[in-house]
Amino acid sequence: SSLWRAYAQGFPVGYRDAVTPRAAVRDIAAVEKLDPAAPYSVSLYRPVESDERTLRLRVYRQGLPLPLSASLPVLENMGLEVLDEASWEIERAGREPVFLHDFGMRSARAVPDVEGVKAITEQALALRFGIQGIPTMIVFSNGEPELRITGAMGKPQLEAKLGSYLE
């Protein structure tokens with residue numbers, strides 16, 4: 001199958017040890033939906049047999065990892081305490097890698113409707129990082145965005161904008 005060829009060697013050993021086959025199938029489905037126009041995806045869910053304050057958030061981002069120093073404050077400002085995080089780089093044959101971040105969280109109060117919180121979480125992350133349907137590069141310094149470059153451009157133009165950061 002084409003999915004087997006694309007992902008046969010793409011998942012690191014740590015991922016294969018930690019993630020069930022059923023969850024891996026969901027991850028592949030989420031990764032397959034990513035493209036340059038939609039380079040990220042969010043999946044907020046409650047693990048089976050967890051209480052109403054326990055949540056997990058999976059963030060899929062094509063091309064670049066999500067900086068923890070920038071993502072944790074967003075989640076904490078939403079009343080979510082991040083208890084743990086695991087990150088994996090998923091390699092795909094012939095395409096950019098996808099970075100998967102899995103956050104274990106505890107809400108300050110009960111969250112009976114996870115789907116309602118999912119929409120708010122996705123919007124907050126998109127707003128925080130200015131993720132749009134066009135290429136966006138953000139240079140972080142001390143956990144804060146310092147430079148934002150939006151739009152497609154050639155290597156010379158990109159190097160000119162990033163010159164001081166590349167030295």
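In the predicted model, the 19 positive and 22 negative charges of the chain have mean positions that lie 4 Å apart. The accessible surface of the chain amounts to about 9,800 Å², and carbon and sulfur atoms account for 55% of this area. Of the 167 residues in the chain, 34% are buried.

The overall dimensions were examined next. Along the principal axes, the C-alpha atoms of the chain occupy a box of roughly 55 × 45 × 25 Å.

The secondary structure consists of six helices and six strands. Read from the N terminus, the order of the elements is α-α-α-β-β-α-β-β-α-β-β-α.

Strands β3 and β4 were considered in detail. Strand β3 spans residues 80–92 and strand β4 spans residues 95–107; the two pair in the antiparallel sense, with eleven bridges between them. Within this pairing, Ile 90 is placed opposite Val 98 of β4. The hairpin formed by β3 and β4 has two residues between the strands, and Gly 94 in this hairpin adopts a positive phi near 75°.

Conventions. Residues numbered from 1 in each chain as written. Predicted model: local features only at pLDDT ≥ 70, side-chain atom pairs only at ≥ 80, totals over all residues. Heavy atoms only, no water. Helix = DSSP H or I, 4+ residues; strand = E, 2+ residues; numbered from the N terminus. Buried < 20%, exposed > 50% of the residue type's maximum accessible area, 1.4 Å probe, protein only. Areas by Shrake-Rupley, 256 points an atom, 1.4 Å probe, with all protein chains shown as cover. Lys, Arg positive; Asp, Glu negative; His and termini not counted. Charge placed at Lys NZ, Arg CZ, Asp CG, Glu CD. Pairing = 2+ DSSP bridges.
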